[in-house]
Amino acid sequence: MGQGGEPRSLRARDGELGAAVARAQDGDENAFAVAYRMVQPGLLGYLRGLVGEDAEDVASDAWLEIARDLGRFRGDGAGFRGWTATIARHRALDHLRRQRVRPRTGGTEQDVLDLPGPHSTYEQALESLSTERALALVRGLPRDQAEAVLLRVVVGLDGPAVARVLGKRPGAVRTAAYRGLKRLARELGAGGEADEGVTDEASRTLGESK
């Protein structure tokens with residue numbers, strides 16, 4: 001699912017999304033509705049991992065900003081998904097600050113390359129992430145891992161796009177996503193070997209202070 005390896009169906013959907021966004025920027029309200037329907041499910045899943053049951057309220061705030069600033073956006077369908085995810089993340093962090101909860105900073109910034117891991121475990125973890133139980137488990141990951149997994153799998157961004165949204169280096173994002181998926185695979189029973197090579201960091205919910 002990395003850059004250059006995205007499924008054809010995702011690339012096709014991004015092409016459709018990009019066309020809808022372009023029409024929306026020309027004032028086509030129906031096209032904006034199409035873009036909303038294509039982006040909202042993944043965006044809402046991402047926000048559920050960040051703010052839980054307040055996700056719909058935060059998403060509404062994000063879409064108000066998206067609609068307001070749509071004319072400023074420049075890019076294709078994949079770029080639009082990254083742009084909307086960035087806006088949603090800012091609104092989520094604002095929401096957490098209003099609750100007087102300090103979001104935890106990300107984990108290691110060190111790039112770790114070529115991490116080994118069984119593909120079957122990875123794929124099963126991806127498939128399982130469509131369930132509510134999996135989203136609940138994601139919220140128990142360290143924040144850097146949770147956001148990397150949500151943006152990578154639920155929103156569907158590639159590694160460089162996730163790095164841009166989070167303001168991190170691609171290697172750090174790749175590491176966080178790998179560790180998060182391995183931990184989820186273990187929790188979901190996707191592979192007995194899933195816990196090998198995973199750093200045993202304290203599992204905290206998103207938004208929990210240190």
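Visitor: Which residues are linked in a network of salt bridges?
Guide: This is a predicted model. In it, a network of salt bridges links Glu65, Arg91, Asp94 and Arg97.

Visitor: How do the side chains of Arg91 and Glu65 meet?
Guide: They form a salt bridge, with 2.3 Å from N to O. This pair links distant parts of the chain, as Arg91 lies in helix H4 and Glu65 in helix H3, 26 residues apart.

Visitor: Is Glu65 buried or exposed?
Guide: Glu65 counts as buried, because its relative accessibility is 19% and the cut-off for buried is under 20%.

Visitor: And what about Asp94 and Arg91?
Guide: Their side chains also meet in a salt bridge, at 2.4 Å from N to O. Asp94 and Arg91 are 3 residues apart in helix H4, so about one helical turn separates them.

Visitor: How many salt bridges does the count come to?
Guide: The count comes to 8 salt bridges. One of them joins the side chains of Asp69 and Arg68, at 2.9 Å from N to O.

Visitor: Asp69 first: buried or exposed?
Guide: Asp69 is buried, with a relative accessible area of 8%.

Visitor: Let us change topic. Which residues touch the most other members of the largest nonpolar core?
Guide: They are Leu47, Phe80, Leu151 and Leu157, in a core of 50 residues. At least two residues of this core come from each of helix H1 (8-25), H2, helix H3 (55-69), H4, helix H6 (132-138), H7, helix H8 (159-166) and H9.

Visitor: Which helix gives the largest share of this core?
Guide: H2 does, supplying 10 residues. As general background, nonpolar side chains tend to be buried together in soluble globular proteins.

Visitor: What does Leu47 touch, not counting residues up to four places away in sequence?
Guide: With those set aside, Leu47 touches Gly52, Ala55, Val58, Ala59, Ala88 and Ala92.

Visitor: Where is Gln40 found?
Guide: Gln40 sits in helix H2, which covers residues 29-51. Gln40 counts as buried, at 12% relative accessibility. Apart from neighbours within four places in sequence, Gln40 is in contact with Ala59 and Trp63.

Visitor: Now the helix packing. At what angle do the axes of H4 and H7 cross?
Guide: The axes of helix H4 (residues 77-98) and helix H7 (residues 143-155) cross at roughly 145 degrees and come within 12 Å. The crossing of H4 past H7 is right-handed.

Visitor: Which residues meet there?
Guide: From H4, Arg81, Ala85, Arg89 and Leu93 meet Arg143, Glu147, Leu151 and Val155 of H7. The residues of this contact comprise 4 nonpolar and 4 charged, with no polar ones. Leu151 also belongs to the residues that touch the most other members of the largest nonpolar core.

Visitor: What is Ala177 in contact with, leaving aside its neighbours within four places in sequence?
Guide: On that basis, Ala177 is in contact with Ala148 and Val149. Ala177 and Ala148 are 29 residues apart in sequence, whereas their C-alpha atoms are 5.0 Å apart in space.

Conventions
Residues numbered from 1 in each chain as written. Predicted model: local features only at pLDDT ≥ 70, side-chain atom pairs only at ≥ 80, totals over all residues. Heavy atoms only, no water. Axes fitted to C-alpha atoms, helices over the stretch in contact; angles between N-to-C directions. Helix = DSSP H or I, 4+ residues; strand = E, 2+ residues; numbered from the N terminus. Left-handed = near helix turned anticlockwise from the far one by under 90°. Contact = heavy atoms within 4.5 Å. Nonpolar A, V, L, I, M, F, W, Y, C, P; charged D, E, K, R; others polar. Buried < 20%, exposed > 50% of the residue type's maximum accessible area, 1.4 Å probe, protein only. Core = buried A, V, L, I, M, F, W, Y, C linked by side-chain atoms within 4.5 Å. Salt bridge = Lys/Arg side-chain N within 4 Å of Asp/Glu carboxyl O.
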